[in-house]
Amino acid sequence: MNMTETPEQVVLEPSSGKASACLIWLHGLGADGYDFVPVVQHMGSLMDTSQLRCIFPHAPKRPVTMANGTSMRSWYDILAMTPKRTIDPDQLADSVNRMYRLIQQQIDSGIPSWNIFIAGFSQGGAVAYQTASSFGQTLGGLIALSTYVPDGSWVNPFKLHPANCQLQVMIAHGTVDPVVPISLATTALEQLRQHGLQPLWFSYPMQHEVSHPEIADVCRFLSSCLSHTQAS
């Protein structure tokens with residue numbers, strides 16, 4: 001895959017030069033878009049990525065209340081952790097609207113919405129939840145890793161746009177995660193189930209991280225979703 005870089009994001013383009021599907025992957029608090037580039041490069045040995053464009057946006061730098069006001073890359077300010085996250089809803093909305101624009105750019109480039117996937121880790125996963133559940137066109141799937149649905153967002157109580165009432169979802173979490181307790185992931189799982197979705201659930205004996213078995217499961221999920229859309 002060929003990498004291009006801008007101040008806003010990192011993009012891996014398929015070596016063939018022709019993308020028929022797109023994966024947008026959002027990093028966690030304090031990281032940047034480069035965080036998951038090696039993961040996706042490794043995924044190329046586990047699945048066919050020959051027509052997959054991968055986009056890794058950088059969150060803006062801003063003060064984070066729960067980090068004593070330290071400025072870091074953050075999709076939104078975190079105001080409290082109890083263990084639920086209370087967040088700045090306007091900053092979350094800004095991040096989600098940015099994702100809307102990015103998705104629309106991919107649609108405008110010729111990739112159908114149902115071949116566009118949103119993945120996110122930790123805080124990035126919370127933005128991914130908001131984006132995929134509320135986007136007005138059918139998406140290919142959502143990958144929620146070590147994450148949660150935050151308080152202070154418009155999906156609390158959870159709301160699902162009719163266009164994505166059959167969204168394919170993968171939720172994965174570490175059983176001993178000290179940063180985002182697994183209870184927040186199971187709460188999100190139940191919210192989705194209550195709205196008729198049937199997420200695939202995976203847990204691993206790990207902390208706030210990703211693992212090789214998890215990435216293998218991500219590849220199987222993506223491959224299955226892509227096979228389904230191509231068959232349709």
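## Close-up legends

**View 1. Ser122 sits in the loop between strand S9 (116-121) and helix H3 (123-134).** Helices (H or I, at least four residues) and strands (E, at least two) are DSSP runs, numbered from the N terminus. Ser122 isn't a glycine, yet its phi is positive, at about 55°. Ser122 is also buried, with a relative accessible area of 9%; buried means under 20%, exposed over 50% and partly exposed in between, using a 1.4 Å probe and protein chains only. A quick note on what you're looking at: this is a predicted model, where local features need pLDDT of at least 70 and side-chain atom pairs count only at pLDDT 80 or more, while totals for chains, interfaces and linings use all residues. Residues are numbered from 1 along each chain as its sequence is written, and side-chain values use heavy atoms, leaving out hydrogens and water.

**View 2. Ser146 lies in the loop between strand S10 (141-145) and strand S11 (169-174).** Here's another residue that has a positive phi without being a glycine, this time of about 50°. Ser146 is buried, and its relative accessible area is 0%.

**View 3. Zooming out, the chain has 5 helices and 12 strands.** Its radius of gyration, taken over C-alpha atoms, is 16 Å, close to the 17 Å from the globule rule for 232 residues, so the chain is as compact as a globular protein of that length. That rule is 2.2 Å times the number of residues to the power 0.38. The C-alpha atoms fill a box of roughly 45 × 40 × 35 Å along the principal axes. Of the 232 residues, 53% are buried.
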